[in-house]
Amino acid sequence: MDKAQHNIKTLAALQPGEKFVKILVDTSFLPHADLEKALRIQKKLGNKKIISEILMELGYLDENEHRRIIRKHGRLFLIGELLCELGYISLENLQKAEDELAKDSHIRMGDLLIKLQMIDDRQLAQALSEQLSIPLMHIDIGMVDQNLTRQFAKSFLSTHSIIPFDVGDKRVSIITSEPLNANAIAEVEQQTNKKAEVFIAAKRTITHLITKLTSGTVKEEKDGGLQVLEIVDSIFLSALRDSASDIHMEPMLDVMRVRFRMDGVLIHKMDLPLELSKRVIARLKILGEMDISDTRTHQDGRISHTVGETEVDFRVSTYVTIHGENLVLRVLRRDGGLKSIEQIHMARGILERFKHDALDTPTGVIIITGPTGSGKTTTLYAAVDYLNRPTTKIITLEDPVEYVIDGIMQCSVDESAGRSFASSLKAVVRQDPDIIVLGEIRDKNSSSVAVQAALTGHKVLTTFHTEDSIGGLLRLIDMGVETFLISSTVVSILAQRLIRTICPDCRQTYMPNKRIANLIGIDDETLRNHTFYRGIGCGTCYGTGYHGRTALHELLVLNEEVRAAIINQEPSHVVRRISCDTTDLLSLMEDGLYKALKGSTTIEEVYRIAPRSNSNRSVEDIIKIMGGKNED
């Protein structure tokens, strides 16, 4: 251990979050100077905050990085420390519980926190799942092999809060609220002569199920109601913890499959029995203020819910299938969703042009385009945040408002309240705004309003659904907007995609497929002279090799040559060629190539995500336009 590491560990000793600091030091995750600064701040605050909270407030650590470190090193933490790191309890409550524990050493910390009503058994189960990397499972009596459970005495099941529920040729599945009870697990293995596969559940769930299995005295309705509430809350919590963008609940022939969209890819999380899933769907429809009695019509709703201590909105959509209602919930976090313009992963060269040549222009239309789920709204809000000044009036029209920004006037479309999109458009321009933000250009009417507002001296920011920047221009023409109006009002079009980044916990060097590398513009010499990376798959990334996402951008800033091509209604390939030659337009594919060279993502992922585009630029030219090799 060098002197700097020793000094940091000494400074962190006996301060809240000491173990987290040791992990950061041992893994060299942060510069020593950043850690020392955070530790000094912690000491000045009287040790009233854990160190990870201070590091996130300083911007040295983001929530996803914190989450990944906790998941990877969970076994190093005591359960109370872990609950505090995960945000289930405050540091003050942890310190109170530690004082109580010192008076009674016979009680475990988890049980004490439940007794003090600082957490419930479901939160304890979730934390144990995080700590031990053991799956949290929702179980119903229909999933239990009752012939298997009859082999064990009720006293054994109750005492150890354990249920063996399924058996195969080589393994026996066990669900328990005490996954560290090695003796009980060993007893099940010995009695069945099978290797145990362990799952975690809340203690209350285990107790109710044991009662039903052994006596049947618990009323089904009450038990089912309790279980449904627990399952819904647990699914929400798990989605939030995994940074899922969407929750998919899909009816199958025998079960309801639950999958999360994580980093743009669906990951299977659990299966629910059909009878239980019907009650879960009903609960979600009630929360979303939807018609619970109507199971034959597609419906939409919105849920506002507190998950842990976080306020979250869910946009709900039901789709009637041959097996029942399919639900998709879009997760809209109210905290942590708003990013600054510097945090949206633009290459330095593109970022400087976007700020100075697009956002800083006094009037005109700025369009952010891409397919659904490409991060358009995040970029739009980042641009609005950049433009938000005390001297500027910004007014928005959105459906719905996803992030609240202090200091701007935000309006959400609500047909039932008489705030239709069309009527709100007319009202917006009468509010004397400097900047108008339209959540989306939907039709000829909204595109005409955007253009007319720009003609009268306003700056307009909006989003659009097209494949690339040139496609945005052509779609405006298709909507019936005159070419001379487009050329005189549109300042820039930013196209983007989200692409998965390599998992840092299983990142290794590799040689990419030569054919795919050539297809995205990497020649053989560049392949030989650069180091490329990929993830081989681990627990952090669920075996995918990817963890988190970054954005690819294609920025077109219109100049006189491009405007002339629009007025002349030149075909798209001609407009693209002129844009590349005269405006330094870089395609989404070229930005992907650049990020693969930087080691952020893989060549295969770029090929999968980025639209195909021909480029005559060399790799060196791309790097130069993007901002250079040494970009952070």
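Author: The model is predicted. Helix 14 supplies 4 residues to the lining of the largest cavity, the most of any contributor.

Reader: Which helices each supply at least two residues of the lining of the largest cavity?

Author: The largest cavity holds about 110 Å³ of space. Among the residues closest to its centre are Met 137 and His 138. The helices that each give at least two lining residues are helix 9 (121-132) and helix 14 (220-241).

Reader: How many charged residues does the lining of the largest cavity have?

Author: The lining of the largest cavity is made up of 13 residues. By class, 7 of the lining residues are nonpolar and 4 are polar, and the number of charged ones is 2.

Reader: How many cavities of 30 Å³ or more does a search of the whole structure find?

Author: The search covers the whole structure and counts cavities of 30 Å³ or more. The largest has about 110 Å³ of space. The number found is 2.

Reader: How many residues apart in sequence are the parts that Asp 505 and Arg 68 tie together?

Author: Asp 505 and Arg 68 form a salt bridge through their side chains, with N to O at 2.6 Å. Arg 68 belongs to helix 5 (residues 63-72), while Asp 505 sits in the loop between strand 15 (490-502) and strand 16 (507-510), so the parts tied together are apart in sequence by 437 residues.

Reader: Which residue lies in helix 16, Lys 355 or Glu 342?

Author: The side chains of Lys 355 and Glu 342 meet in a salt bridge, 3.3 Å from N to O. Glu 342 is in the loop between strand 9 (324-333) and helix 16, 13 residues apart from its partner, and the residue in helix 16 (residues 348-359) is Lys 355.

Reader: How far apart are the closest N and O atoms of Asp 166 and Arg 171?

Author: Asp 166 is partly exposed at 29% relative accessible area, and Arg 171 is partly exposed at 31%. The two form a salt bridge, and their closest N and O atoms are apart by 3.6 Å.

Conventions:
Residues are numbered from 1 along each chain as its sequence is written. This is a predicted model: local features need pLDDT of at least 70, side-chain atom pairs count only at pLDDT 80 or more; totals for chains, interfaces and linings use all residues. Side-chain values use heavy atoms; hydrogens and water are left out. On a 1 Å grid over the protein atoms alone, a cavity is a set of points where a 1.4 Å probe fits but cannot get out, and a pocket is an open set with protein on both sides within 12 Å along at least five of seven lines; lining residues have an atom within 4 Å of a point. Grid points are joined across faces, edges and corners, and a volume is the space filled by probe spheres set on the points. Ala, Val, Leu, Ile, Met, Phe, Trp, Tyr, Cys and Pro count as nonpolar, Asp, Glu, Lys and Arg as charged, and the others, Gly among them, as polar. A salt bridge is a side-chain nitrogen of Lys or Arg within 4 Å of a carboxyl oxygen of Asp or Glu. Buried means under 20% relative accessible area, exposed over 50%, partly exposed in between (1.4 Å probe, protein chains only).
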